[in-house]
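Please open the model in your viewer and keep the selection tool at hand.

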Amino acid sequence: KVTHALRDNLDLLGGTSFSTAKSGTGRENTYGAEAGLEWKFNPMISWSLLYEGTWQDSPGGSDDYNEQRVLAGIILKR
């Protein structure tokens, strides 16, 4: 994961992932990506918007999946 400050109160978030596992018929590969923004109203409250994608390739194709999510949230800090 990486975070880049676009402004003092606005961060750009991003990241990728990859994992592989051996199964009975070959290898399962899982790929991930995420991108988002975090807008800080003040040091205690921020708002976030995040996209996450996950893809899995399985041998034979029967267990493949593709998951896409968009998440929004409010972050409260003490």
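This model is predicted. Begin by selecting strand S3 (26–42), strand S4 (45–57) and strand S5 (65–76): each of them supplies at least two residues of a nonpolar patch.

Next, display the side chains of the patch itself. Its members are Trp39, Phe41, Met44, Ile45, Trp47, Leu49, Val70, Ile74 and Leu76, which lie on the surface and together have about 920 Å² of accessible area.

Is Trp39 partly exposed, or does it belong to another class? Its relative accessibility is 40%, and therefore Trp39 counts as partly exposed, since that class lies between the limits of 20% and 50%.

Now widen the view to the sheet. Five strands form an open sheet in the order S1-S2-S3-S4-S5, with antiparallel pairing. At its edges are strand S1 (2–7) and S5, each of which pairs on one side only. On average, neighbouring strands of this sheet are turned by 15° against each other, direction ignored. Strands of a sheet pair through backbone hydrogen bonds.

Return to S3 and S4. These strands form a hairpin with 2 residues between them, and their antiparallel pairing extends over 13 bridges. Then select Thr30, which stands opposite Gln56 in S4.

Keep Gln56 selected and look towards S5, where the bridge partner of Gln56 is Tyr65. S4 and S5 run antiparallel and are joined by 12 bridges.

Key. Residues are numbered from 1 along each chain as its sequence is written. This is a predicted model: local features need pLDDT of at least 70, side-chain atom pairs count only at pLDDT 80 or more; totals for chains, interfaces and linings use all residues. Side-chain values use heavy atoms; hydrogens and water are left out. Patches are made of residues with over 30% relative accessible area and no salt bridge: like charges are joined within 9 Å, nonpolar side chains (Val, Leu, Ile, Met, Phe, Trp, Tyr) within 5 Å. Accessible areas come from the Shrake-Rupley method with a 1.4 Å probe; for residues, only the protein chains shown count as cover. A salt bridge is a side-chain nitrogen of Lys or Arg within 4 Å of a carboxyl oxygen of Asp or Glu. Helices (H or I, at least four residues) and strands (E, at least two) are DSSP runs, numbered from the N terminus. Buried means under 20% relative accessible area, exposed over 50%, partly exposed in between (1.4 Å probe, protein chains only). Two strands pair if DSSP finds at least two bridges between them. Axes are lines fitted to C-alpha atoms, for helices over the stretch in contact, and angles run from 0 to 180 degrees between N-to-C directions.
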